[in-house]
Amino acid sequence: MQCVEFDYDKDVVSVRQGKLIDKKAKGWHITNNNGLCVEEPFNTGRNLGNTADDFSVRGLHLELRRAFDLVAEARLDDCCEQYTFPKEEERI
């Protein structure tokens with residue numbers, strides 16, 4: 001398994017550009033959210049991470065790790081399977 005670091009304090013996910021952007025470059029370094037910043041692809045001034053609660057951020061983190069591992073193993077068909085939370089992460 002490979003490891004890729006994502007610095008929640010410094011990085012913004014840009015889906016539109018397919019890369020990380022520096023929070024300071026976006027002007028998003030002074031935020032009071034969960035630390036996750038995702039640039040909305042059609043309105044690049046909007047941070048989709050502002051609407052995510054801790055439960056959502058945890059689920060997203062788990063899914064990104066799972067997808068990364070599958071892509072690294074060239075199991076691309078498995079990447080398209082619907083994500084289900086592990087039992088310990090399900091809401092009651």
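Accessible areas here come from the Shrake-Rupley method with a 1.4 Å probe. On that basis, the protein chain exposes about 6900 Å², and carbon and sulfur atoms supply 52% of that area. Keep in mind that everything below is drawn from a predicted model.

View 1. Starting at the N terminus, the elements run β-β-α-β-α-α. The chain has 92 residues, and 23% of them are buried. Take the contacts with a separation of 6 or more: 32% of these involve residues 24 or more positions apart.

**View 2. An open sheet of 3 strands, in the order E2-E1-E3.** The pairing in this sheet is mixed. E2 and E3 are the edge strands, each pairing on one side only. Look at strand E1 (residues 11-14) next to strand E2 (residues 19-22): the two pair in the antiparallel sense over 4 bridges. Within this pairing, valine 13 sits opposite leucine 20 of E2. The hairpin of E1 and E2 leaves 4 residues between the strands. Glycine 18 belongs to this hairpin and takes a positive phi near 70°.

**View 3. Glutamate 39, a buried charged side chain in strand E3.** Here we zoom in on glutamate 39, which has its place in strand E3. Is glutamate 39 buried or exposed? Its relative accessibility is 1%, and because the cut-off for buried is under 20%, glutamate 39 counts as buried. So what surrounds this residue? Setting aside neighbours within four places in sequence, glutamate 39 is in contact with Val12, Val13, Ser14, Val15, Arg16, Ile21, Lys26, Trp28, Thr44 and Arg46.

**View 4. The salt bridge of glutamate 39 with lysine 26.** Side chains of opposite charge can pair when their charged atoms come close. In this close-up, the closest N and O atoms of glutamate 39 and lysine 26 are 2.8 Å apart. This pair links distant parts of the chain: glutamate 39 belongs to strand E3 (residues 38-39), lysine 26 to helix H1 (residues 23-26), and they are 13 residues apart. The two side chains are also joined by a polar contact of 2.8 Å. How exposed are the two partners? Glutamate 39 is buried, at a relative accessible area of 1%, whereas lysine 26 is partly exposed at 24% relative accessibility.

View 5. Arginine 66 is partly exposed, with a relative accessible area of 24%, while glutamate 63 is buried at 18% relative accessibility.

View 6. A salt bridge brings the side chains of arginine 75 and glutamate 73 together at 3.1 Å, N to O. Arginine 75 is partly exposed, with 38% relative accessibility, and glutamate 73 is partly exposed too, with 48%. As for a network, salt bridges that share partners join Arg16, Lys26 and Glu39 into one. How many salt bridges does the count come to? The answer is 5 salt bridges.

**View 7. Alanine 74, a residue other than glycine with a positive phi.** Most residues other than glycine have a negative phi. What value does phi take at alanine 74? It is near 60°. Alanine 74 lies in the loop between H2 and helix H3 (76-79). This residue is exposed, with a relative accessible area of 62%.

Terms used. Residues numbered from 1 in each chain as written. Predicted model: local features only at pLDDT ≥ 70, side-chain atom pairs only at ≥ 80, totals over all residues. Heavy atoms only, no water. Salt bridge = Lys/Arg side-chain N within 4 Å of Asp/Glu carboxyl O. Buried < 20%, exposed > 50% of the residue type's maximum accessible area, 1.4 Å probe, protein only. Contact = heavy atoms within 4.5 Å. Pairing = 2+ DSSP bridges. Polar contact = N/O pair within 3.5 Å; in protein donor to acceptor, adjacent residues only side chain to side chain.
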